[in-house]
Amino acid sequence: MLLRYAAIGWTIAIFIGCALPADRIGVDLSGRDKLIHTAIFLIFGILWRLLGYGFWRVLLAGLLYGFALEIYQGVMPINRSFELADGVADTVGTLIGVLLAEGAMRLKR
């Protein structure tokens, strides 16, 4: 049950972080932006896969969620923009997270 709350909470935290206006973040992310996207979605992938959701389901969810957030940033007046590379980094992070979770689950068996 705790893992479920962690996955839901992390998913909400991703939205909050991506919905903040750029001037409210207060941190210079230049140069590390794609790495941060990858890391955030890596955790997303691990949590949802460890909950028992299928490999492809979690990967597709990460892809759709990442790109939906990019679209949101592109259309909302929050001084952020749609970046294809961010959506790709989200997908790559989800893939890495799902693969790590797969490995952990196999080791556990």
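This is a short tour of a predicted model, going from the whole chain to single side chains.

**The whole chain**

Along its principal axes, the C-alpha trace spans about 45 × 25 × 20 Å. The radius of gyration is 14 Å, which agrees with the value near 13 Å that a compact globule of 109 residues would have.

**Surface and charge**

Show the surface next. The chain exposes about 6700 Å², and carbon and sulfur atoms supply 71% of that area. Of the 109 residues, 33% count as buried. Colour the charged side chains: 10 are positive and 8 are negative, with the centres of the two sets 15 Å apart.

**E102**

Select helix 5, residues 84-108, and find E102 within it. Is E102 buried or exposed? Its relative accessible area is 14%, so E102 is buried, the cut-off being under 20%. Display what surrounds this side chain: leaving aside neighbours within four places in sequence, E102 is in contact with R49 and F55.

**Aromatic pairs**

Hide the rest and show the rings of Phe, Tyr and Trp. Pairs with ring centres within 6.5 Å come to a count of seven. A pair of aromatic rings is described by the distance of the centres and the angle of the planes.

Take F15 and Y72 as one of the pairs. Their ring centres are 5.3 Å apart and their planes stand at 55°, so the pair is tilted. F15 is in helix 1 (residues 2-19) and Y72 is in helix 4 (residues 55-75), so this pair ties together parts 57 residues apart in sequence. F15 is partly exposed, with a relative accessible area of 33%; Y72, at 24%, also counts as partly exposed.

Move on to F41 and Y65. Here the centres lie 6.1 Å apart with the planes at 55°, so this pair is tilted. F41 belongs to helix 3 (residues 33-50) and Y65 to helix 4, so the pair ties together parts 24 residues apart in sequence. F41 counts as buried at 1% relative accessibility, and Y65 counts as buried at 19%.

Note on methods. Residues are numbered from 1 along each chain as its sequence is written. This is a predicted model: local features need pLDDT of at least 70, side-chain atom pairs count only at pLDDT 80 or more; totals for chains, interfaces and linings use all residues. Side-chain values use heavy atoms; hydrogens and water are left out. The radius of gyration is taken over C-alpha atoms; the globule rule is 2.2 Å times the number of residues to the power 0.38. Buried means under 20% relative accessible area, exposed over 50%, partly exposed in between (1.4 Å probe, protein chains only). Accessible areas come from the Shrake-Rupley method with a 1.4 Å probe; for residues, only the protein chains shown count as cover. Lys and Arg count as positive and Asp and Glu as negative; His and the chain ends are not counted. The place of a charge is taken as NZ of Lys, CZ of Arg, CG of Asp or CD of Glu. Helices (H or I, at least four residues) and strands (E, at least two) are DSSP runs, numbered from the N terminus. Contact means heavy atoms within 4.5 Å. Rings of Phe, Tyr and Trp (its six-membered ring) pair if their centres lie within 6.5 Å; planes under 30 degrees apart count as stacked, over 60 as edge-to-face and the rest as tilted.
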